[in-house]
Amino acid sequence: MKNIILILSLLSILALAACGGKETAPAKPANPNGLTDFEMENGIGPVKEKIQLAEINMDMAAKGEATFIAKCAPCHKLDKRLVGPAQRYTADRRTPEYILNMIMNPDEMTKLHPTGRKMLAEYLAPMTNMNLTLEQSKEVLEYLRKIAKEGHEQNIVADPVYRNAANQE
Amino acid sequence: MKSYSKTALAVLFVLLLSLVFFGCQQKPGGGAIGQSTAEKAFVAPGEYDSHYAFISGGFSGQLAIHGLPSGRLFKVIPVFSVDAEKAWGFNEETKPMLQTSHGFIPWDDSHHPDLSQTNGVIDGRWCFINANNTPRVARISLQTFETEEILEIPNSAGNHSSSFVTENTEYVVAGTRFSVPVPQRDMPIAEYKGNFKGTLSFIKIDPEHGHMNVEFQILMPGFNYDLTHPGRGKSHGWMFFTTYNTEEANTLLEVNASQNDKDYIAAINWKKAEEYIKAGKFKTLPSKYAHNVYDEGTHSAATTMEKEVRVLDPAELPGLVYFLPTPKSPHGCDVDPSGEYIVGSGKLAAALTVHSFTKILKAIEEEKFDEHKYGIPVLNFEAINAGTVEQPGLGPLHTEFDGKGNAYTTFFISSEVVKWKLGTWEVLDRKPTYYSVGHLMIPGGNSRQPFGKYLLAMNKITKDRYLPTGPEVCQSAQLYDISGDKMELILDFPTIGEPHYAAGCPAELIMPNSKKYYKIEENNHPYVTRSEADSRVVREGKNVHVYMTMIRSHFSPDNIEGIKVGDRVYFHVTNLEQDYDVPHGIAVLGATTSELLIMPGQTETFVWEPKEVGVWPFYCTDFCSALHQEMQGYVRVSPENSNVKLTWTLDGE
């Protein structure tokens, strides 16, 4: 009997150890859905490294504006919530990499990324994939940076991203 | 307690006994198949079938795409019949596809799909299919799975021996079932014999785009031309057509066309025909036939009326056509993968007749002709016969091949599939079908490279195989595993009707090229709206053009005013989505047409002629997102003399 208790105790310790991992390491909550720290900050998608931003490139911003009107404007206004959020200050709110990944990989972003999921819960219509190239997406990014800068210069008030209380950041 | 267990034991014993005695027996009709057999046709949820099957929709006029081995139905491609679900023949873009020299025809009877080949091997580019009633051939793109072209066949009546493809897709053929006066004229039917003619048309395929044109026709005696297959390998350059009614009867064919002991397989040397065309040995007949082409760039079809056709007369052109005597109204005319054997299925004969291509060439060289019929040499039967499959079954129809030296023939009357060996002509196996099998299909089974593995039997009668659905019961096909020595029935599955004939191939030949959406930048529809900013409404007299866009989940514009009773309103609707599997639909209350179902990046048009004043809603018909039910709009219709200004808005802007 004593042996049995001993064996059982040993087994339970083993089992606990298997579940718990190293107890001495400082507890850092795991990222949801196995996302890396980079992905938590910069989104999931084709952009996997930080990019260097220079001054706003006005040529690219002009091309980005044309793309925005053709592909994004059906759902996004600058200063008013429509199907999706107002875009005036997106460039302030998210990292450039996050913006590129959201444009190019909205399916996974709205399924796996906690911010993407929260946005889907708020807006209900999933962000559509318009199959923009990386170049086109970078042009749209320049346009978003340009309108954010103009917004600050003209003191344009930001339209709140969330209205649903449950989603407040 | 004890007596209970004794009883239980006894019951168990009886059960076991009955299992031993009856467990292996199949239901009458062979209904039960074992679990391990069922696994052969099982494709787990989320997994793909290994093969595509292109099964003709028979009198539905369409083409059905199934997966094998599961038998699951993926899509019904509208071809010769209107389809309100897909707006085929209803929207302005596809109405021209159903134009003929007789006007717009909303229906036909589609029979024999065949796939394009390169070097005798299926290449996964196009599927061709024939219309029986008003003779036509259609070409379907295997990138978009849409019908891209329909060509009417002049001087033909009942385009049955069609649409079979030569081994480099040089030609698709179209032989007439009914002989008729050529050109058509008013004459007594009783003067059929010697006066009616049958045409065999060779449709040239442009190798780059697949565009079709009737390159030439061969003007044949007034027989019925039933089925056909191209030579391959050594017999490439020849085409073989079965004939019946060589009696040239014009009434009660059931009896009067079954008199001759032998009818013919007509062997056409089409390379010779090309030489004669080049040498100018043709006559040009005035004619009228529609050529309808769908342009993927403009998402629109256009009709051209062709006005003449080149005709070759075999009585005057030696070496062009020979008749191979073949017993009893042959139906199928099938060429083995090597091109040596031509199998004639005399549907009223007790045996299968196989001709040898080598012997045919020799008999021609040695002029072993029994007689000439309408100037065409009839070769001596014994001189060309390769062998006979004796007593294989009743009512042979169609043969395909597995590439391992075996042939498989369907028998309509005895309702079975029979496996036999090429060369020795011995019967190796036979399996019943349920019931009355017509054609069969082995993937690649009529090419130089059959892929084997499966055999699809397409039945004419299903009777008691499925839950009844009133007097009209379901149509059905059956799948056999032919990878072993013996064939094994692994699946029954329903099809659209009638599953007349099929083509098939491994999925990897097609799947990687399947289009996902149309690029909006490449949309050159004359009424495209590439951006919501360009959506607008334009009045041109009584015609009003609505340039509308759709994206999850709204229309732009969605409020339109200033439409009047008596207007002809064209809704040109562009789906702005650029993602896979996001079609949108649109329908407006009271429109006397179908919905539109618009793929991402595509533009389609419907016409609405409002007859009542009021405010009429329109909405998206294809469930597109969580806010699909919000995807709607209104059109205000005012009296004819009203002054309401033409306006269009979205969200008040």
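# Close-up views of a two-chain predicted model

**View 1. Strand β11 of chain B and its two partners.** β11(B) and strand β12 (residues 197-205) of chain B are paired antiparallel through five bridges. Strands are DSSP runs of E with at least two residues, helices are runs of H or I with at least four residues, and both are numbered from the N terminus. Two strands count as paired if DSSP finds at least two bridges between them. This is a predicted model, in which local features need pLDDT of at least 70, side-chain atom pairs count only at pLDDT 80 or more, and totals for chains, interfaces and linings use all residues. Residues are numbered from 1 along each chain as its sequence is written, while chains are lettered from A and ligands numbered from 1 in the order in which they are written. Across from Lys204(B) in β12(B) stands Tyr171(B). Strand β10 (residues 159-165) of chain B is joined to β11(B) by four bridges, also antiparallel, and Ser161(B) has Gly175(B) as its bridge partner. Five residues separate β10(B) and β11(B) in this hairpin, and Thr169(B) in the turn has a positive phi of about 55°.

**View 2. The two faces of β11(B).** Six of the six residues of β11 (residues 171-176) of chain B are buried, so the strand is largely enclosed by the rest of the structure. A residue is buried if 20 or more other C-beta atoms lie within 10 Å of its own, exposed if 12 or fewer, and partly exposed in between, with C-beta atoms placed from the backbone. In a regular strand the side chains alternate between the two faces of the sheet. Here Tyr171(B), Val173(B) and Gly175(B) lie on one side and Val172(B), Ala174(B) and Thr176(B) on the other, and all are buried.

**View 3. A four-stranded open sheet in chain B.** The order of the strands is β30-β31-β32-β33, with antiparallel pairing. β30 (437-441) and β33 (488-495) are the edge strands, each with a single partner, so one side of each has no neighbour in the sheet. Strand β32 (residues 475-481) of chain B pairs with β33(B) over seven bridges; within this pair, Leu479(B) has Leu491(B) as its bridge partner.

**View 4. Surroundings of Leu456(B).** Residues up to four places away in sequence aside, Leu456(B) touches Ala53(B), Leu440(B), Met441(B), Ala477(B), Leu479(B), Ala502(B) and Gly504(B). Two residues are in contact if their C-beta atoms, placed from the backbone, lie within 7 Å.

**View 5. Gln143(B) in a loop.** Gln143(B) sits between β8 (136-141) and β9 (146-152) of chain B. With 14 other C-beta atoms within 10 Å, Gln143(B) is partly exposed. Beyond its neighbours within four places in sequence, Gln143(B) is in contact with Asn513(B), Ser514(B) and Lys515(B). Lys193(B) is 50 residues from Gln143(B) in sequence and 46 Å away in space, C-alpha to C-alpha.

**View 6. Chain A and its contact with chain B.** Chain A has eight helices and zero strands. Of its 169 residues, 33% are buried. The contact between the chains takes 13 residues from chain A and 17 residues from chain B. On the chain B side, β36 (543-551) and β37 (554-556) are the elements that give two or more residues.
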